[in-house]
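I opened the model to look up ring packing and what surrounds it. My entries follow the structure.

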Amino acid sequence: MNKMKAIPVLMMLVAGLLLTACSQQPAKPGADSAEKIVEQRAKQRWELLIARDYLSAYTYLTPGYRMTTPADVYSVDLRTSPVKWESAEFDAVSCSMAEKCQADFIVVSKVMGMLQGVDVAEVKSKVTEDWLFLDGEWYYSPQP
């Protein structure tokens, strides 16, 4: 093959490689779609927590959190907690950046009494969660 024919072929190969590399980058979601996805994932996570399926809820946590906290430790911590979630009503979601959203819920919990004579207290509270877009997916980022 002469040099004149090799240049267009080489350029086509380089362009193909660049297009392949670009197509593998996760797309950043728009605000509308991000809010819908975060709402859906946050609701799913709360359904799992209320059902006490902590190992499945664990998969919604950020990869960084999962790297530092094993699933069995997470599950045991929640199973042995004096707080048991009873319901979570979705309130709102807002995205301040393309990769960060906050989801608000009204959560009803039962707290096992730590004082003599107090068995269980029902508590209703507003919970605001941080959700981050990492590696092409939305994850819940627990507060430290």
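I looked up Tyr-74 and found 8% relative accessibility, so Tyr-74 counts as buried (under 20% relative accessible area; exposed is over 50%, partly exposed in between; 1.4 Å probe, protein chains only). The model is predicted: local features need pLDDT of at least 70, side-chain atom pairs count only at pLDDT 80 or more, and totals for chains, interfaces and linings use all residues. Residues are numbered from 1 along each chain as its sequence is written, and side-chain values use heavy atoms, with hydrogens and water left out.

I listed contacts (heavy atoms within 4.5 Å). Beyond its neighbours within four places in sequence, Tyr-74 touches, among others, Arg-45, Leu-49, Tyr-58 and Tyr-65.

I then checked aromatic pairs (ring centres within 6.5 Å, using the six-membered ring of Trp; planes under 30 degrees apart are stacked, over 60 edge-to-face, the rest tilted). I found seven in the structure. Tyr-58 and Tyr-74 have ring centres 5.5 Å apart and planes at 50°, so I noted the pair as tilted. Tyr-58 has 10% relative accessibility and therefore counts as buried. Phe-133 and Trp-138 also form a tilted pair, with 5.3 Å between centres and 55° between planes. Both Phe-133 and Trp-138 are buried.

Last, I looked for charges over rings (NZ of Lys or CZ of Arg within 6 Å of the ring centre and within 35 degrees of the ring normal). The charged end of Arg-45 sits over the ring of Tyr-140, 3.8 Å from its centre. The charged end of Arg-45 also sits over the ring of Trp-46, 5.3 Å from its centre.
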